[in-house]
Amino acid sequence: MSSKEKEVTETSEAEIAVHWGEEQLIHPSTQFIAQANVTDPAVYERFSLDNFPNCFKEYADLLSWYEYWHTTLDTSDAPCWKWFVGGKINASYNCIDRHLAKNKNKTAIHFVPEPENEKVEHITFQELYVRVNEFAAILRDFCGLKAGDRVTLHLPMVAELPISMLACARLGIIHSQVFGGFSGKACADRIVDSGSSVLITMDSYYRSGQLLDHKEKADTAVADAAKEDQKVDKVLIWQRYPGKYSAQTPLVAGRDFVINDLLKKHYGARVDPVKMPAEAPLFLMYTSGTTGKPKGCQHSTGGYLAYVTGTSKYVQDIHPEDVYWCMADIGWITGHSYIVYGPLALGASTVVYEGVPNYPDPGRPWRIAQDLGVNIFHTAPTAIRALRKTGPDEPQKYNYHFKHMTTVGEPIEPEVWKWYYHSVGKGEAAIVDTWWQTENGGFLCSTVPAIKPMKPGSAGPGMPGIHPIVFDEEGNVVPPGTGKAGNICIQNPWPGSFQTIWRDRERYVREYYEHYCKDPKSKRWQDWPYKAGDAAVVAADGYVRILGRIDDVINVSGHRLGTKEIESAALTVPEVAEAAVVPVKHELKGKEPDLYIALKPGLTGSDDLAKRIQDAVVKEIGSIARPRKVWIVSDMPKTRSGKIMRRVLSAISNNTAVGDVMTLANPDIVTEITKMVQGK
Ligand code: WTA
């Protein structure tokens, strides 16, 4: 394909990304700087490429190791990097046991139920220790699980989620948590891919005031996994109200086990943490990519834990005495790294909130902050937009004070950033805009808050030890300060990076490393820049502004959804011949999928059919992927070679110029679809 043709046949989020001007720098307060973990700009020098890879010892030394490593970075299987080889470590020990001597009576997890009349649960490090040990005993002795086995978790935002993760980590069992809002079918796909024979779930949880039956999804998940020859022997079920089963769905004898019952038999059990090799996988986290099949990003134990602990300390500025609240879902990487592993490794108190931010009203987050004395807050632009829209004056009504706030997941509009800064942060908090991905384990670009000033709308420069570079398609460097966008890459490996795609090394190499690798046989890390798949512009001062995805991925409320996944879901409806998904701008969610459908010959569309297609998407993936609208069109705009022109559909959905369409095989269809979608 010529590059000209490529240009017109592909669409990307970056093409329709908002463009805003460079903003003024804002400096953090002297009060913040006075207490910050890192204030010395020499940190950038210590983590320079000259000191790579040994600089990362600084992060690894924040952890307790059974045995030190002999090789910091082993590149012999490039681009599958091995960090801290020879080292022995346990993540559960680092997040719990090592804090007991001094802090066993300190809160590790504040669990905030969604209903406001339910008491907040303050779980001390001692209690976390007890609960993790007893549950680990169930995994080992009742389920017969051992290091290296995979277990799928499909849990909502409850304290039992980190407890389950840490129990797995204690034994070296690889956990794979599936976002609670995903459907049973989506859970099944991940059970099959990971090869899990145990599923850990919960009977029910609260969302927007309703107690949802969550166990129902487990039945679908197990049945669908069985169709793909993956047998789930045991479903372990936490009870939202211990002692009371709160789902409508009946238990299946011999398969379903209520954890709260099993625990009675394991009362007082203690399980020694297993001394794991640093490069043993800690967990899988599935994410969307350019094909329909989600990829299981495989994260290591030692490198990952070192990286999230280091970045939690330096960028999140977590001290053990802080009350830290990250409002993400633990079902996404942000929650793994910055609700569970990073904060707990540092001995902080971390908040787990069950529900939606603006339930029952948009003052809720600020009441939680006030009641618990939260002083570090972390959320995504989509939540900030929603809270700003529904309760712009709410923060000032509450007496809380944040020293530090984070934004993550998608570009944040400068206007929204300013509301976050002035209203939520009351002008007192330092903000970090952190750019990174599921694949990366932790932050790639961000300011180190006491050293670099903030710039609304820009993530900031590469993190210490992370050296970004922007390339054009051909691999020429796009220098900073030119105002030109390109593909952002990272020149060097780092300890938090995923090790591979679970059971698919080839796809790992192809999607992230092949494009800019000049010598596929090379064992030198210098030859393998990591391609993130985002378009970015770097200003003269080195601050990076991320524009959006260059591939077929849509960011909906900060969550990555593959257009191909949604299209495949639509194609499960028998009447559908072709499906095309494009991102459309949404005031709160950032982007929303718009779904175009062409039916098989002789069929005509109806509201009922459109509804069935919507339902199919929700059933296959979950309601997060629900299209804004299903447009049943008589034909798709196509090139002469028969390719669907998603760029044209995207322009129609977003009310932007469709450009020249005369080279299409069927230019007339553009007018017809425009009329349908825009009513003109
Ligand atoms: C986008 C979330 C702009 C980006 C941690 C990336 C961002 C994708 C930012 C990864 C940010 C994440 N500014 N865009 N601060 N953070 N993104 O895997 O397109 O769910 O590739 O990881 O979100 O999403 P993921």
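User: What should I know before I start?

Analyst: This is a predicted model, in which local features need pLDDT of at least 70 and side-chain atom pairs count only at pLDDT 80 or more, while totals for chains, interfaces and linings use all residues. Residues are numbered from 1 along each chain as its sequence is written, and side-chain values use heavy atoms, with hydrogens and water left out.

User: How many helices and strands are there in the protein chain?

Analyst: Helices (H or I, at least four residues) and strands (E, at least two) are DSSP runs, numbered from the N terminus. Here the protein chain has 20 helices and 30 strands. Its radius of gyration is 24 Å, close to the 26 Å from the globule rule for 680 residues, so the protein chain is as compact as a globular protein of that length. That radius is taken over C-alpha atoms, and the rule is 2.2 Å times the number of residues to the power 0.38.

User: What share of the residues is buried?

Analyst: Buried means under 20% relative accessible area, exposed over 50%, and partly exposed in between (1.4 Å probe, protein chains only). In this protein chain, 64% of the 680 residues are buried. Pro601, by contrast, is exposed, with a relative accessible area of 80%. You can find Pro601 in the loop between strand E29 (590-599) and helix H18 (607-620).

User: Which residues come nearest to the ligand?

Analyst: A residue is near a molecule if one of its heavy atoms lies within 4 Å of it. There are 17 residues around the ligand, and Asp433, Thr434, Thr438, Asp534 and Arg549 come nearest. By type, the shell holds 6 nonpolar, 6 polar and 5 charged residues. Ala, Val, Leu, Ile, Met, Phe, Trp, Tyr, Cys and Pro count as nonpolar, Asp, Glu, Lys and Arg as charged, and the others, Gly among them, as polar.

User: How much of the ligand does the protein bury?

Analyst: Accessible areas come from the Shrake-Rupley method with a 1.4 Å probe. Taken alone, the ligand exposes 530 Å², and the protein buries 96% of that.
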